[in-house]
Amino acid sequence: MGYLTCVDYDGTIYDTTKYCALQAQQTYIYAKLYNCTDVYHTEDMLETAKLGGEFLLRHAYRASDGRCFHSVSREGKPLSLRPNIISEVYFVMAFFELHYATKQSNYISRGEMVLKTVLAWIKDSGTLNSYGMDTSYSTLSDLGHVLRMLMAISEHNPTKLRQHKEDFAYLTKRILQHIQRSNTVVLETVQSTGEVEGAV
């Protein structure tokens, strides 16, 4: 199950490693195509999405701490973790979209679990530090990914917009700290306090 994503221009598979963020992105896209288009609202497309979802359920998630692996082997053996939350963000998006397509409770329950964890992490520097993430600096890309995640899960369920109103406000405030130098530049990193010394 899952997908092989390291494919050359001629179709040659040059690496069978499965990168969980890519697995989740593909799962999300296939489920989204099923949910939002007529031409791809087919059983084949739904089954293709579920191939990724079932692989992620079985192999991407580490129950001991709520993390999702960065990469696993073709068979699903864990290979690496990364000091960011990209895999978790796309995991959430994939499972919310799959639940909308299938109404299967296992997808939404796992998606809600990881969503809660991601939102707690983004506000809790102590937890992220323990995973090797440097929280002395705020990274625009991480904040943007989490904001995109909240927007995605709200598309089919507008009540999520109200439920996560404070999270949207918190992320927006943090993101605006990256607009610096009299609104002339957007910096990828600033200090977690919003200061720009040493930022890029």
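Colleague: At what angle do α6 and helix α8 pack, and how far apart are their axes?

Modeller: Good place to start! Two packed helices are described by the angle between their axes and the distance between the axes. In this predicted model, α6 and α8 (residues 165–176) pack at about 150°, and their axes are 10 Å apart.

Colleague: How are α6 and α8 oriented to each other, roughly parallel or roughly antiparallel?

Modeller: Angles over 145 degrees count as roughly antiparallel, and α6 and α8 are therefore roughly antiparallel to each other. Their crossing is left-handed.

Colleague: Which residues make the contact?

Modeller: From α6, look for Leu 140, Leu 143, Gly 144, Val 146, Leu 147, Leu 150, Met 151 and Ser 154. On the α8 side, they are Asp 167, Phe 168, Leu 171, Arg 174 and Ile 175. Sorted by class, this contact of α6 with α8 has nine nonpolar, two polar and two charged residues.

Colleague: Now for pockets. What is the volume of the second largest pocket?

Modeller: Rolling a probe the size of a water molecule over the atoms shows where empty space is left. Here, the second largest pocket has a volume of about 180 Å³. Its lining is made of 14 residues, and those closest to the centre are Phe 96, His 99, Ile 153, His 156 and Asn 157.

Terms used. Residues are numbered from 1 along each chain as its sequence is written. This is a predicted model: local features need pLDDT of at least 70, side-chain atom pairs count only at pLDDT 80 or more; totals for chains, interfaces and linings use all residues. Side-chain values use heavy atoms; hydrogens and water are left out. On a 1 Å grid over the protein atoms alone, a cavity is a set of points where a 1.4 Å probe fits but cannot get out, and a pocket is an open set with protein on both sides within 12 Å along at least five of seven lines; lining residues have an atom within 4 Å of a point. Grid points are joined across faces, edges and corners, and a volume is the space filled by probe spheres set on the points. Axes are lines fitted to C-alpha atoms, for helices over the stretch in contact, and angles run from 0 to 180 degrees between N-to-C directions. Helices (H or I, at least four residues) and strands (E, at least two) are DSSP runs, numbered from the N terminus. Angles under 35 degrees count as roughly parallel, over 145 as roughly antiparallel, 65 to 115 as roughly perpendicular and the rest as oblique. A crossing is left-handed if the near helix is turned anticlockwise from the far one by less than a right angle, and right-handed if clockwise. Contact means heavy atoms within 4.5 Å. Ala, Val, Leu, Ile, Met, Phe, Trp, Tyr, Cys and Pro count as nonpolar, Asp, Glu, Lys and Arg as charged, and the others, Gly among them, as polar.
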